[in-house]
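User: I would like to learn how to read a few features of a protein model, taking the general idea before the particular case. Could we begin with the structure itself in view?

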Amino acid sequence: IIGSAADHTYFIKDGSLRMEGAATTFTDLNVPVNATTRGGTKDPDLNRLLRDAGNTSQGVFAFDFDKSTEEELYFMVQMPHSWKVGSTIYPHVHWTANNNVGSDVVRWGMEYSWSNVGSSFGNTTIIYGETPIAAASPVTSLMHTITPLGGITASGKTLSSVLVCRIFRDADHTNDDFDYDAVMLMIDFHFEEDSFGSRTEFTK
């Protein structure tokens with residue numbers, strides 16, 4: 001055992017590594033935006049974000065979310081085997097804009113249902129975020145910005161459980177007062193790890 005009684009890393013008899021207390025780590029569960037699906041009714045536009053200074057290339061493209069109409073994408077994620085089972089997960093949106101945001105607000109939302117293997121999906125829950133992390137405030141043109149959506153409690157959830165999700169800009173909410181499109185770059189979840197994986201195929 002390395003560390004204190006409460007916070008330590010240790011090896012189990014079979015050689016597996018485990019972490020307890022403050023010895024656990026956080027990592028990303030990434031959802032590339034190009035791995036999402038558009039539903040056909042509230043679709044963000046795919047537009048050019050950047051190209052080279054000489055304007056000779058096709059450039060790179062990303063999804064623009066409208067300034068006044070709610071637009072959305074759909075995706076699913078499965079919890080990894082390194083996840084500390086039952087610990088809170090923290091979704092957030094990576095985004096940018098082609099105009100200075102300043103003190104204006106871009107409000108993001110995520111609707112989800114989370115089910116274990118062998119259980120039924122229940123009614124959805126919607127969470128919101130509109131305050132960028134301190135490193136991205138104030139937001140200037142083309143600044144890479146992260147907006148947290150709060151924590152999702154995982155009591156009773158197990159390995160290989162799946163979240164079915166809708167991500168959207170809550171543009172018609174009174175708090176969203178940025179009068180230009182916002183460009184989504186990435187969706188991801190910070191989650192706590194207490195091992196490199198699971199000791200068996202479906203259990204810790």
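Analyst: A residue is called buried when its relative accessible area is under 20%, exposed when that area is over 50%, and partly exposed in between, with a 1.4 Å probe and protein chains only. This is a predicted model, in which local features need pLDDT of at least 70 and side-chain atom pairs count only at pLDDT 80 or more, whereas totals for chains, interfaces and linings use all residues. Residues are numbered from 1 along each chain as its sequence is written, and side-chain values use heavy atoms, with hydrogens and water left out.

User: With that scale, is R107 buried or exposed?

Analyst: R107 counts as buried, at 11% relative accessibility.

User: How should I read a strand and its pairing, and which strands does β8 pair with?

Analyst: Strands are DSSP runs of E with at least two residues, helices are runs of H or I with at least four, and both are numbered from the N terminus; two strands pair if DSSP finds at least two bridges between them. Here β8, residues 90-96, has six of its seven residues buried. It runs antiparallel to β13 (residues 182-193), to which seven bridges join it, and it also pairs in the antiparallel sense with β11 (residues 145-148), over four bridges. V93 shows both pairings, standing opposite I187 in β13 and having T147 as its bridge partner in β11.

User: What counts as a salt bridge, and how many are there?

Analyst: The rule asks for a side-chain nitrogen of Lys or Arg within 4 Å of a carboxyl oxygen of Asp or Glu, and by it the count comes to nine salt bridges. One of them joins R166 and E72, whose closest N and O atoms are 2.7 Å apart. Because R166 lies in β12 (residues 162-169) and E72 in β7 (residues 71-78), this pair ties together parts that are 94 residues apart in sequence. Both R166 and E72 are buried.

User: Where do K84 and E192 lie?

Analyst: K84 is in the loop between β7 and β8 while E192 is in β13, so their pair links parts 108 residues apart in sequence. Their side chains meet in a salt bridge at 4.0 Å, N to O. K84 is partly exposed at 27% relative accessibility, whereas E192 is buried at 14%.

User: What is the partner of R107 in a salt bridge?

Analyst: The side chain of R107 meets that of D170, at 2.7 Å from N to O. Since D170 sits in the loop between β12 and β13 and R107 in the loop between β8 and β9 (108-115), the pair ties together parts that are 63 residues apart in sequence. D170 is buried, with a relative accessible area of 7%. Elsewhere, salt bridges that share partners join K42, E70, E72, E111 and R166 into one network.

User: Which residues make the nonpolar surface patch?

Analyst: Patches are made of residues with over 30% relative accessible area and no salt bridge, like charges being joined within 9 Å and nonpolar side chains (Val, Leu, Ile, Met, Phe, Trp, Tyr) within 5 Å. Accessible areas come from the Shrake-Rupley method with a 1.4 Å probe, and for residues only the protein chains shown count as cover. In this model L50, V60 and L142 make a nonpolar surface patch of about 250 Å². L142 lies in the loop between β10 (125-129) and β11, and its relative accessible area of 39% makes L142 partly exposed.
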